[in-house]
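Student: I have a sequence and a model on screen. Can we go through the fold and a few residues together?

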Amino acid sequence: MNCFVGNAQCQTITSDSIPNFEDRIIGIWNLSNSHFSNHQLVWTYIKAHKFKKHKHGIEFKKDGLLVYRDGGWCGKPPINYVNREGTYQILSDSTLILINSDWQGKNVVHKIKVTPLDKNTLEIIYFRTEE
């Protein structure tokens, strides 16, 4: 498509050129900070090339696989972080179920809402966690 608005050239946007939800969350995300909004704890993550050594994080991979980086069995500093393999399932355009093991090897199920703010930042609200 050739069109011009001022000095800018227009381009045709097709559904193939708009990234879907999964494509927007694929990658490694390190916890940056957390805050309360509407009485809910909101966790803000920044996209990275690798996990930070002493930070919580999540890596969403293709085909529903994930790595959940969390504190080990002892919550007393210095906290040792470990990577736990798991899976995720997209329930809607922003709600996911995460399944990973805890430090005892038990399955933990998290129901979360993911909101990509831009290509390098996303927010997660944890609705519930079950064992």
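Student: What pattern does the protein chain follow, read along the sequence?
Tutor: This is a predicted model. The chain holds one helix and ten strands. Read along the sequence, the pattern is β-β-α-β-β-β-β-β-β-β-β.

Student: What share of the residues of the protein chain counts as buried?
Tutor: Buried means under 20% relative accessible area. The accessible surface comes to about 8800 Å², and 51% of that belongs to carbon and sulfur atoms. Of the 131 residues, the buried share is 34%.

Student: Is Asn-30 buried or exposed?
Tutor: Asn-30 sits in strand β3, residues 27-37. Its relative accessibility is 4%. The cut-off for buried is under 20%, so Asn-30 counts as buried.

Student: Which backbone atoms lie 3.1 Å from a polar atom of the Asn-30 side chain?
Tutor: Look at the residues that Asn-30 contacts beyond its sequence neighbours; Lys-50, Phe-51 and Lys-52 are among them. At Lys-50, the backbone oxygen lies 3.1 Å from a polar atom of the Asn-30 side chain. At Lys-52, the atom at 3.1 Å from a polar atom of that side chain is the backbone nitrogen.

Student: Which residue forms a salt bridge with Lys-62?
Tutor: Side chains of opposite charge can pair when their charged atoms come close. The count here is one salt bridge. Its closest N and O atoms are 2.8 Å apart, and the partner of Lys-62 is Asp-23.

Student: How many residues apart in sequence are the parts that this pair ties together?
Tutor: Lys-62 lies in the loop between β5 (57-60) and β6 (65-71). Asp-23 lies in helix α1, residues 21-25. So the pair ties together parts whose separation in sequence is 39 residues.

Student: Are Lys-62 and Asp-23 buried or partly exposed?
Tutor: Lys-62 has 45% relative accessibility, and Asp-23 has 36%.

Student: How far apart are the C-alpha atoms of Ile-124 and Leu-41?
Tutor: Ile-124 is in β10, residues 121-130, and counts as buried at 1% relative accessibility. Among the residues it touches beyond its sequence neighbours are Leu-41, Trp-43, Ile-58 and Val-114. Ile-124 and Leu-41 are 83 residues apart along the chain, yet their C-alpha atoms are separated by 8.6 Å.

Student: What is the bridge partner of Leu-96 in β9?
Tutor: Strands β8 and β9 run antiparallel and are joined by seven bridges. Leu-96 touches several residues beyond its sequence neighbours, including His-110, Lys-111, Ile-112 and Val-114. Its bridge partner in β9 is Ile-112.

How values were computed
Residues numbered from 1 in each chain as written. Predicted model: local features only at pLDDT ≥ 70, side-chain atom pairs only at ≥ 80, totals over all residues. Heavy atoms only, no water. Helix = DSSP H or I, 4+ residues; strand = E, 2+ residues; numbered from the N terminus. Buried < 20%, exposed > 50% of the residue type's maximum accessible area, 1.4 Å probe, protein only. Areas by Shrake-Rupley, 256 points an atom, 1.4 Å probe, with all protein chains shown as cover. Polar contact = N/O pair within 3.5 Å; in protein donor to acceptor, adjacent residues only side chain to side chain. Contact = heavy atoms within 4.5 Å. Salt bridge = Lys/Arg side-chain N within 4 Å of Asp/Glu carboxyl O. Pairing = 2+ DSSP bridges. Lists of a residue's contacts leave out its neighbours within four places in sequence.
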